[in-house]
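Hi,

Here is the structure I said I would pass on. Have a look at it first, and my notes follow below.

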Amino acid sequence: MTEIVQVSGPELVTYADELAALLVETVEGGSSVGFLAPLDRGAAADWWRERAAAVDAGRLQVWLARDGERIAGTVGLVRAPLPNARHRAEVTKLMVRPSARGRGLGRELLDAVERAAGADGITLLVLDTESGGLAEGLYRSAGWTECGSVPDYAADPAGVLKPTTFYYKAAGFAPREPRA
């Protein structure tokens, strides 16, 4: 059974090596999550550890999907830093291990973010993803609205520039209740 849990900064540091393995596996699988291949596992672990201060400060929230003792996925929520943007946040680094895909885990992680955002008074969520990728189907089926695409916005793991599509979900997002 998969469990979705939000982690603290110290917990994020504790899980950094396992999250690094997930990040490396995701990048090696061709997913565009901000890193180029080959991604060094040590550098990936350092990247996760560096996020702990933001978690402790409340600027970032991170959820893990644990399948037994193994991390099967993760997602983050970055709060907007400026006073005129406190109503919005960005969904980031939604990753599911290739071996755990197709079981609805991405949707469960997305639902967890949406529930937490709504509970915290956030009324607008935004995210971006590589245009034409599998993630677009997930976001559309979860009620996200495409608001445009930018050509050559980010490089894929191989370093090839790709278009990125931006999505939003406004107040009233009511993710389904977690499965029992």
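A quick definition to start: helices (H or I, at least four residues) and strands (E, at least two) are DSSP runs, numbered from the N terminus. This is a predicted model, where local features need pLDDT of at least 70, side-chain atom pairs count only at pLDDT 80 or more, and totals for chains, interfaces and linings use all residues. Residues are numbered from 1 along each chain as its sequence is written, and side-chain values use heavy atoms, with hydrogens and water left out.

Now the overall picture. The protein has 5 helices and 7 strands, in the order β-α-α-α-β-β-β-α-β-α-β-β along the sequence. Its radius of gyration (over C-alpha atoms) is 15 Å, close to the 16 Å from the globule rule (2.2 Å times the number of residues to the power 0.38) for 180 residues, so the protein is as compact as a globular protein of that length. Of those 180 residues, 43% are buried, meaning under 20% relative accessible area with a 1.4 Å probe, protein chains only.

Just after H4, Gly-121 has a positive phi of about 80°.

Cheers

Key:
Buried means under 20% relative accessible area, exposed over 50%, partly exposed in between (1.4 Å probe, protein chains only).
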